[in-house]
Amino acid sequence: MSFKKEDFLNKYRIIEEEISCNKIDWSIMEDIYDDFISYKDTYETQAEFIASTLRNHKKIHSVKSRVKDADRLIEKIIRKTQNRKEKHGQDFQFSVENYKEEITDLIGIRAIHIFKEDWEDIHNFILSTWKVNEITANVRDGDDTRRFEELDIQIQSRKSGYRSVHYLIEFFPTSQKVIAEIQVRTIFEEGYGEIDHQLRYSHKKIPEVLALNLLLFNRIAGSSDEMASLINLLNRNWTEMEQKYEKIIEFKDKQIEELRHRISDKTTIEEKDKKEILSGLDNIVLKADLENLTEDLYKTSPIK
């Protein structure tokens, strides 16, 4: 696979001055490109292994995986060089030896779950399965971040409204360490994130009319997450009530049956009186059940 500088610069609109200003040696970019291509099949296998492991978790709805495109890797290296110089010193340059650790999304995994409250189970699963170097909770201003703070998770507020928890995990598919990124988000956050991503890659600057509607969509997605959690809570409460009253009714049915037998065995009671006693007993039990069920549903319902 050939890697032509002219084609690359035209594709990503990167000017020679940007490369020259950061003292980037193009021959090193070619070496990194060739090195990455040589390992890409190994990374594909590792990405699928991570994805398959996550798919085994019962709270995860679906998993996506990808290995970074080689052209996009070089584009990101050029774009991030100035940032790394500020971090490591002005002499820093990307190289074949360091790019696998400096670029943390060579392998990207996305785990999608349905209900917001399922996140913590998935979080604990990731911590117990891999060595996690860094966790970042991307939130929107105004979001409830108390649980992230309690777990000492780094919080990054995004003006775009992007929400997702990112984990950087390390592993050694070869003798060199590689960092992979796992993104965990709800199905509504995924929908918003995909649309936001497409718009930002389609425009250098998002037009105001699109930005305003994207903000509205972000609020709707957030409200949808809250509504899904509410429905999930109501469903759990209702299921618990059903199970509770099935046991109560089963117990009372047994008690009623025993009383019926005892009454039927009493020869001193007229048949008419027996029927009235049994009918009255049934009515009392039914009324009590209905009153208790109504009261319990009211107490457990989050909407009052």
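The following paragraphs describe the sheet of this predicted model and then its aromatic rings. Residues are numbered from 1 along each chain as its sequence is written. Because the model is predicted, local features need pLDDT of at least 70 and side-chain atom pairs count only at pLDDT 80 or more, while totals for chains, interfaces and linings use all residues; side-chain values use heavy atoms, without hydrogens and water.

An open sheet of 6 strands runs in the order E1-E2-E6-E5-E3-E4, and its pairing is mixed. Strands (E, at least two residues) and helices (H or I, at least four) are DSSP runs numbered from the N terminus, and two strands pair if DSSP finds at least two bridges between them. Strand E1 (60-67) and strand E4 (154-157) stand at the edges with a single partner strand each, so one side of each has no neighbour in the sheet. Strand E2 (residues 107-113) pairs with strand E6 (residues 178-186) in the parallel sense over 7 bridges. In this pairing, isoleucine 107 stands opposite alanine 180 in E6.

Helix H3 (residues 26-55) packs on the sheet and touches E1, E2, strand E5 (164-171) and E6, where contact means heavy atoms within 4.5 Å.

The whole structure holds 9 aromatic pairs. Rings of Phe, Tyr and Trp (its six-membered ring) pair if their centres lie within 6.5 Å; planes under 30 degrees apart count as stacked, over 60 as edge-to-face and the rest as tilted. The rings of phenylalanine 36 and tyrosine 43 have centres 5.9 Å apart and planes at 45 degrees, so this pair is tilted. For phenylalanine 92 and phenylalanine 94, the centres are 5.2 Å apart and the planes at 80 degrees, so the pair is edge-to-face.

Key
Axes fitted to C-alpha atoms, helices over the stretch in contact; angles between N-to-C directions.
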